[in-house]
Amino acid sequence: MKSLGSIRRDFSPWNDPNAKPYIQFDKVTKKFGDFTAVNNLSLTIFEREFFALLGASGCGKSTLLRMLAGFEEPSAGRILLDGQDLRGIPPYKRPVNMMFQSYALFPHMTVEKNIAFGLKQEGMPGPDVEKRVAEMLKLVKLEQFAKRKPHQLSGGQRQRVALARSVAKRPKVLLLDEPLGALDKKLREETQFELMDLQQELGLTFVVVTHDQEEAMTMADRIAIMDKGEVMQVATPAEIYEAPASRFVAHFVGNVNMFEGKVAEHMTSTTRITGATGAQIVVDNGSNAAAGSDIIFAIRPEKIKVSSKKPADAVNALEGEVYDVAYLGDMTVYHIKLDDGQIVRASALNASRITEDPLTWNDRAWVSFRPDAGVVLTR
Amino acid sequence: MTDIAATAAPSTETATLPARLATGFVNRLVIIVPYLWLLFFFLVPFIIVFKISLSQTAISMPPYTPVLGFKDGVSGFFAGVRDLNFDNYTWLTQDALYFNAYVTSLVIAGISTILTLIVGYPIAYGMARAPATIRPTLLMLVILPFWTSFLIRVYAWIGILKPEGLLNQVLLATGLISQPLVILNTYTAIFIGIVYSYLPFMVLPLYSSLEKMDYSLIEAAQDLGCPPTGAFWKITFPLSLPGVVAGCLLVFIPAVGEFVIPDLLGGSQTLMIGKTLWNEFFSNRDWPVSSAVAVILLLVLTIPIMFFQQAQAKAQEQGR
């Protein structure tokens, strides 16, 4: 497979067999009564990594984070941090800090005192505390708000205080529980980049829990997609998007078209698929599904080209009719109803202002894609 | 209130003048009701008591003079007003009994309030941390004693605390003591009685302030390196202060003027202002002096509370 690497060049310890794991979930299970929140889960996170746990609510991602922080103990399995087993170590003795979804700022303390709280707990001398607090306030650009109480701040400012408070102690690992969940869209996008810069600047390991795929894709070095207490796939954002390991992951992240079919022929580099209705698709991205097996062919909408005539050089081309057109400004989304009845979603970037050959409702149209544009999913 | 007005009257453009006046009247009526209540059931009785405190005792019906009225015309009324004076208040300062009774009452009420806080806080905390499903039951249990007469419950304590009472029998039987403890007719019995009787008034406001506290604050404190006991004193307790203050006031104020508990459990020698007042009123039939005692008690209690509430409102404005 062609490289689908990290967004940070030269940072991919997960590909290095000699890299020492920093955080290790080793066959961890957590049960609440009859409910299994986390099921026999193993996961490795590396030092200085920005790691995202992505999943719908109730998938166990927050429980995983809370076990790392020490608020919950695993029912079975071990959690290791820098080689040390965390079992039995109470939250106040763990070298990790957490930024809470609700921020959990102490309402009776000023911004300054909130940030200083953890430092005073570890017995840092007064002048050093002051220095560190000033440093943190500068880092999150809240110098002039030092004497305010949390309720006198805006949502964005509170988020920064919570962040400053949680990094003030320079923890080995910073845990972020839906860190941007309470912010509005615009502020969230700005803050995503700020969080990334901050992580680089401080050189900390970040583990962030989120249900927002865009957030995870933007910030994380690697993403773990979770469902029902299990990890479905751990990979870089590009791998998750371009090479999802399963139907669930392909569906969960972004939009996708899926074709059910059978492997008709399996050759060294290419796989020929016969769709359920007879359409032929050729794929050459290294699937090793055996001939005759039932598979799903998944392809992203932006990888599909829509045209009024059959492209001369296309390996994969299917004919249909324009069913829906949505003009979104930066791109146009087409829904093409193929002659076998399946509806295919295709998006075309509006690179020029005027389209030469505009397609509209009920026009005959061809959808075409390259052999390496989609993936074959066996599960 | 504005919602009621809006539905009661059509939009302002089409509303007739009488309709708008009616709306305004309804709005005012809503505010007037509590004021009328305070006027008739607090201010008027207080003025009557205050007037009696300025009168002189007399062997008559009612047992004081002058009795203000208009049966001798307006001039007769003002002649009566001229007879009023502060002699009773001067009298209170001359007899050390009253001063001692006030001080003893404040001290006993103060100690009892602290004891009630110490007993009530863990109860309220336990309730607030209990599973949400059993909280209503726990709340019910706290209120349950109110279903029995207060007097009967205090009487029951005599049965428990007296030398041959339940407590001593149990302690003697288990061999913890060889001589019965003397608790009844001591200050200890008064403290027990007040703590027992006023506990719900402490627990309920504490519970309501502890219950709405965000538990993630405690987790945050622990996450930042604070052990659970530290987190309690640095986070939980400061945040429950409004409940502590409300509970203490609810216990302290009635405890200062408490009459039944010192009378039944404290014996004859206890000197509390509520009992002194009772004696002046019923034994001596000295209505003017007992009224003066009551007015001073009111001032002693209200003035510090007013200052306190002002300070609290200020603090609340500065930051919750």
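In chain B, the centres of domain 1 and domain 2 are 34 Å apart, taken over C-alpha atoms. Domain 1 covers 2-83 and domain 2 covers 90-318, with bounds from an automatic or database domain assignment.

Before going on: this is a predicted model, where local features need pLDDT of at least 70, side-chain atom pairs count only at pLDDT 80 or more, and totals for chains, interfaces and linings use all residues. Residues are numbered from 1 along each chain as its sequence is written, and chains are lettered from A and ligands numbered from 1 in the order in which they are written.

Back to chain B. The contact between its domains takes 9 residues from domain 1 and 8 residues from domain 2; contact means C-beta atoms, placed from the backbone, within 7 Å. Which element gives the most to the domain 1 side? Helix 2 of chain B, with 4 residues. Helices are DSSP runs of H or I, at least four residues, and strands are runs of E, at least two, numbered from the N terminus. By class, that domain 1 side has 5 nonpolar, 4 polar and no charged residues. Nonpolar is Ala, Val, Leu, Ile, Met, Phe, Trp, Tyr, Cys and Pro; charged is Asp, Glu, Lys and Arg; the others, Gly among them, are polar.

Next, the two chains. 19 residues of chain A are in contact with 16 residues of chain B. On the chain A side, strand 6 (96-99) and helix 2 (111-121) give two or more residues, and helix 2 of chain A gives the most, with 3 residues. The classes there are 10 nonpolar, 6 polar and 3 charged.

Last, a hairpin in chain A: strands 9 and 10, with 2 residues between them. Lys228(A) in the turn has a positive phi of about 50 degrees.

Conventions
Pairing = 2+ DSSP bridges. Contact = placed C-beta atoms within 7 Å.
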